[in-house]
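Good morning, everyone. Please look at the screen, and I will talk you through one chain.

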Amino acid sequence: MIDFLQWGATFGLQARPARMPELKVGSLRLVAITTEMLTAEHSGDAAGLGSLLRAKLTTEWPPVDWEPHVYRIIQKQYDECPASFGWHRYVVLEGGLGRARTLVGAIGGFPRAQRDVEIGYSTLPAFQRRGYATAAARTLVEWLLTMDGVRSVSAQTYPRVVE
């Protein structure tokens, strides 16, 4: 992964807005994870994370494929480059408008070389095959492509056999 500070300086990373807006698509909300949320998640404080998100968490959280070392990477980039807030990790919430919000997945992007941003995403098993990952990925990609310096977005996936 290219160094975020170097990438931002070279390709014009936009400064962090005073308050990062939620990205919305249908009943889904993509909420940029804050340092406080990241700390609660990393420490296994599901109740604290749920409180910060104003959402319920199922026992399936965190996603099986989530790699814990990424917490340190994101925290380091938040510390070194506050403008990186809103790039790395979003939680995907379903519901609202009179219904309880539920944490159903996560998505985020990391800058790569050649003005590319690689995204990764995960949906909890109980919420798979409902179009949530597709909708969240499409929304994040559309937002990323509005950012100065971003020319392309790429993604990789784990091979899975659907039964």
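**Around helix H2**

Let's start with helix H2. The cover over its buried residues includes strand S2 (28–32), helix H3 (46–53) and helix H4 (69–80). Keep in mind that this is a predicted model.

Which residues of H2 are buried? H2 runs over residues 35–42, and its buried residues are Met37, Leu38, Ala40 and Glu41. They sit on the same side of H2, because they cover an arc of only 165° around the axis. Here is the general rule. An α-helix has 3.6 residues a turn, so residues three or four places apart point the same way.

Now step just past the end of H2. There, Gly44 takes a positive phi of about 80°.

On to helix H5. It spans residues 132–144, which makes 13 residues. From first C-alpha to last, H5 reaches 18 Å, close to the 18 Å expected at 1.5 Å a residue. Its buried residues are Tyr132, Ala135, Ala136, Ala137, Thr139, Leu140, Trp143 and Leu144.

Let's zoom out. How many helices and strands does the chain have? It has 5 helices and 6 strands. Along the sequence, their pattern is α-β-β-α-α-α-β-β-β-α-β.

The chain has 163 residues, and 46% of them count as buried. Take the contacts with a separation of 6 or more: residues 24 or more positions apart account for 63% of those.

Last, the surface. The accessible surface of the chain is about 9000 Å². Carbon and sulfur atoms hold 52% of that.

That's my tour. Thank you.

Notes:
Residues numbered from 1 in each chain as written. Predicted model: local features only at pLDDT ≥ 70, side-chain atom pairs only at ≥ 80, totals over all residues. Heavy atoms only, no water. Helix = DSSP H or I, 4+ residues; strand = E, 2+ residues; numbered from the N terminus. Buried < 20%, exposed > 50% of the residue type's maximum accessible area, 1.4 Å probe, protein only. Contact = heavy atoms within 4.5 Å. Areas by Shrake-Rupley, 256 points an atom, 1.4 Å probe, with all protein chains shown as cover. Arc of directions from axis to C-beta. Expected span 1.5 Å × (residues − 1).
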